[in-house]
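Hi there,

Here is the structure I promised to send over. Have a look at it first, and then read on for what turned up.

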Amino acid sequence: SSGVPVLHCGMADTKTEAGQEPKKEVLVEAEKDDVPDKRPATKIKAEINDYDCTVDVMVSNEGTMISGLSGDALAFVLKGSRATLGVKSGRYYFEARLVESFEKRVFRMGVGTQWSSLFAGDDENSIAFTGDGGFMHKGTTDRNCQAAGVPSRELKFGRGSIVGLLVNLQKGSPDEGTVSLFKNGARMSAPQKIPEGMLGKPLFPIVTFRSAVCIVNFGPKIWEALPFKVKMLSAAAAADVAETAKRRPKDGSYEVMVPVGIPNEGVYEWTDWYLAKNPGKYEEISARNCLRWLAASGYGRSEPTHPETFDWRFGPRELDDKSLKKDLLRCAVLQKRHMLVLGTISNLSPKDRAAVLSSVPSAFKKTAKVLMGEPDEEFKSQAQKHVQDVKRKEWEVTVERKKAEKERIRKVKEARKIAEAKNAALKKAQEEAAAAERLAQSAETDEKKEDEANGDDNKDEAAEGETKTEAKSEEKPEVKEEAKPEEEKKEEEEAEEEPEEEEPEFVDDTDYSKVWFRTPSSKEPDVPDREVKRYLSSFALPGDSEGFNEVEYVWRDEDGAKAHLKDFLSNRKTVQPLHDLKPSQTFMDLLKAWNENKSNWRRKHQQFQDQDRIKKAAAERKKREAAAAKAKAAKEAEEKGEEPPEEEEEPAEEEAEADEVDIWSVEDIDDIGDGKPLYAHFTTEDWVLVNLRYEMHLMVHSFKRDCTDPDIKGIHLNTFDFYFRTYFGRTFTPPAFGCKSVAEVLQFVEDVVSIVEETSCLHGNHPEDTPIAAFVKLTEEARRERCARIEAGDEGAKLNFQDESRINAQRRRERTPPRRDAGRDPRRSGKGDDRRGGKGGGGRSRSRRRSRSRRRDDPRGEKRSSVDDGRGSKYGRPDYGKWDKGGGKGDGGWGSWDKGGKGLMKGYDSKGYGGYDSKGKGGGFSSGMASYAGPPSAYKGYGAPAYGLTGAYGAPVVNKGAGKGLYHPPSYGKGKPY
């Protein structure tokens, strides 16, 4: 009757008759008054649960006033609290008021499920209205949630405002399944839908804040009346609400649990599994939880890769000192909570465990959970399922990527076919037009010829008929010729259509019996290896003297856990180098003796090679002489007509061949007969291998003697380079042997050392006191076998060794960053073929521009200015080149000289004044003529000597104390140390 339609929480538009003034817009509320409810009311008191809030929240005034601790790092983090009652159905209201508000204030008011985040709106199980006028869910804020006709600025609420939240789960209501915000009794927001995942679960009021003090009102009386009658939460029917499951223990006892396990072996996974099994019971005290807390408060990201070693650089000093974890522990003790102190590295250290236990009162039960060895089947099955799910997801991503690529290729082919069809149609039309034009021209030409030949009309008609017939006969084959390619194209297109591939199946050939933890499937471990190495020496199992009330071994018994930790420490120590290891004197003596013997063998080998060449040359000469004598005798016999003399067989010289001698029966390797050594046929590669054999044998046995740590099993492949450099003072270079890794090189000497498969450590195959001659015999045996394989056609048996010094030099060049002025250093190169020295080797010229000049101390007593790369500038910094009559154009970097010899900065004049003394200070020399001791032209090859001269520029004898002077002969000008 009023002409105002009922709108859903919006402004009503009024309809007026002609001549009447329009009525003002009215906000119409769709919510109706509550009807009396005869069901019994709940007997549970609605209040803030002091056991279900962050540990820095203080609850007072009978559960209605909440505030937070704000000392040090706690001033930067959010605080959260949850009520004791949750709404299951019906429509209920609660409100809050800010009493105090400080800098960096944050205030949110919302609802969440029993185990949702205490920071309302951060996760998928909670929603909230924020103090700056937004609706928040899963960390995302919607700024357009206001009711119709309400400016967005009105949604903001601060100190003194009474803010209320209406939860509507009443069946049949137009706003069923929504929450609404009211301020000072007026509607501020339109009803916001509750996410589907939260419906059907009790929704508990949550208040999240920072730098504020507030009072919460759950009823029974309302502070600010709404446009409709509504029940407060404390007056709810018992059937419509649910009590919180998180309550303080009835016996009043609390526990501190410390999981102890090896890094990256399931400690974090077990903690997550245990907390999920006991929801809400324990307060996690860990770096991971602190970083999550900070992320929810606006600092950093929620889940860093390595929480224990994360670099805390948030800005505020109170956060960067990592004191938040200690504050969290102190607050948990103060608020009396069950605690789970998590940290793989810290929990393995007795010192860190003692620090935690010392801060906990004796009233708390202190329990250590040792997680070492093979887990139980329940835990392993969860880890295996996780690994399988990860692999399946990766496979699905790969399949989708292949499908997308296949679809892209199909679209490209389809577009190409369409373009080809268009081009073919255009080409066909052009050919038809050209053919028609040719036919018309041909017909016209024939017609003219016929008319000229005879004027008979009958002949003309006949000619026209013939022309038409010919035209038809010409057109028909063209159509057929064009039709054939089209048919062929269709056949080709049908042939090109690939059959649809069957949907690939997921195949997983992983042996899950060896999968114990999720960590191997992760891209990053819980703790980096470099951090584990730092604390290895402090790792130990918890003992009875540390103050634990109970030490529980979860997966294996005490002996099994100790054995597992010992194996872990042994393996980790084995793969990291001992930096304090020093070769013993015994090793030095044995190495010295080996080098002396090797030198003697090389010398004897060279002598034998020289003698052998001489013998072979003499034998060849004797054969040639015998052949010449035989030919001469045969010729003389032929001239005389006699028969040539018979050849006398020369007795073969018996010579001990190295390849025929039994290697292991040789007593003296230096002489196997006639002074021939066993190593007579050694090549350069064989000498390299015999040296490698003995060095590997010596290093393996010396390490066992020099290493005093019994946990280290030997020289690991990862530490091979370090120990080789420690013992022999040089870098091991696998490319010099034509290999890519140490393991490949050791295959050449597998008769001396082998690699243990279980530990990847080197094992010596011979006793420590093996004679050194045995290594020569082993090398000779390997040489014979290699030669036999090569003769049999095995190309893989050939050795491809390279010069080690060249490879190391190349490595150094690759590691050294290029010089900014590479190739332009005048002190290293330059021809000096100009009196100014400007053209010498790309010399660096001095720039007059001082905009980018940098000054640094000059050893000769001046400040050195920056120079620009150039060639032959007037103010050149030459290659310490020639001198002119007045003293010459000298070093442009420290001072240039004009024709009169006067330096532009601090050069030398024609009389030599302005020189430098031994400390680099000017004026250290008096007479330049005396120093030159002759015509200046005689010293045209001498440039600037070293930095910090002992005298003026002059004869070489004056500058002999410099040590780094450079000499540039005029002919080629390359610098040499002077």
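A word on burial to begin with: a residue is called buried under 20% relative accessible area, exposed over 50%, and partly exposed in between, using a 1.4 Å probe and protein chains only. By that rule K104, at 41% relative accessibility, is partly exposed. Please keep in mind that this is a predicted model, where local features need pLDDT of at least 70, side-chain atom pairs count only at pLDDT 80 or more, and totals for chains, interfaces and linings use all residues. Residues are numbered from 1 along each chain as its sequence is written, and side-chain values use heavy atoms, with hydrogens and water left out.

The overall picture

The chain has 978 residues, and 41% of them are buried. Its secondary structure comprises 17 helices and 32 strands; these are DSSP runs numbered from the N terminus, with helices being H or I of at least four residues and strands E of at least two. For contacts I used heavy atoms within 4.5 Å. Of the contacts between residues at least 6 apart in sequence, 68% join residues at least 24 apart.

Two helix pairs

Two packed helices are described by the angle between their axes and the distance between the axes. Here the axes are lines fitted to C-alpha atoms, for helices over the stretch in contact, and angles run from 0 to 180 degrees between N-to-C directions. Angles under 35 degrees count as roughly parallel, over 145 as roughly antiparallel, 65 to 115 as roughly perpendicular, and the rest as oblique.

Helix α2 (residues 287–296) packs on helix α4 (residues 324–335) at about 100°, with the axes 9 Å apart, so the two are roughly perpendicular. On the α2 side the contact uses A287, N289, C290, W293 and L294, and on the α4 side L324, K325 and L328.

Helix α12 (residues 684–706) and helix α15 (residues 773–791) have axes that come within 9 Å and cross at roughly 135°, which means α12 is oblique to α15. Residues D686, L689, V690, R693, Y694 and H697 of α12 meet F775, V776, L778, T779, A782, R783 and R786 of α15.

Around helix α13

Which residues of helix α13 (residues 720–728) are buried? They are F720, F722, Y723, F724, Y727 and F728. These buried residues pack against α11 (585–640), α12, α14 (742–746) and β25 (762–764).

Q576 sits in the loop between α10 (558–574) and α11, and is buried at 18% relative accessibility.

A few local details

S538 is in the loop between α9 (529–534) and β23 (550–553). S538 and S349 are 189 residues apart in sequence, yet their C-alpha atoms are 5.5 Å apart.

Most residues other than glycine have a negative phi, and most peptide bonds are trans. K104, in strand β8 (residues 90–112), has a positive phi near 65°. K322 has a positive phi too, of about 60°, and lies in the loop between α3 (317–320) and α4. A cis peptide bond, with omega about 10°, joins G219 and P220.

Best wishes
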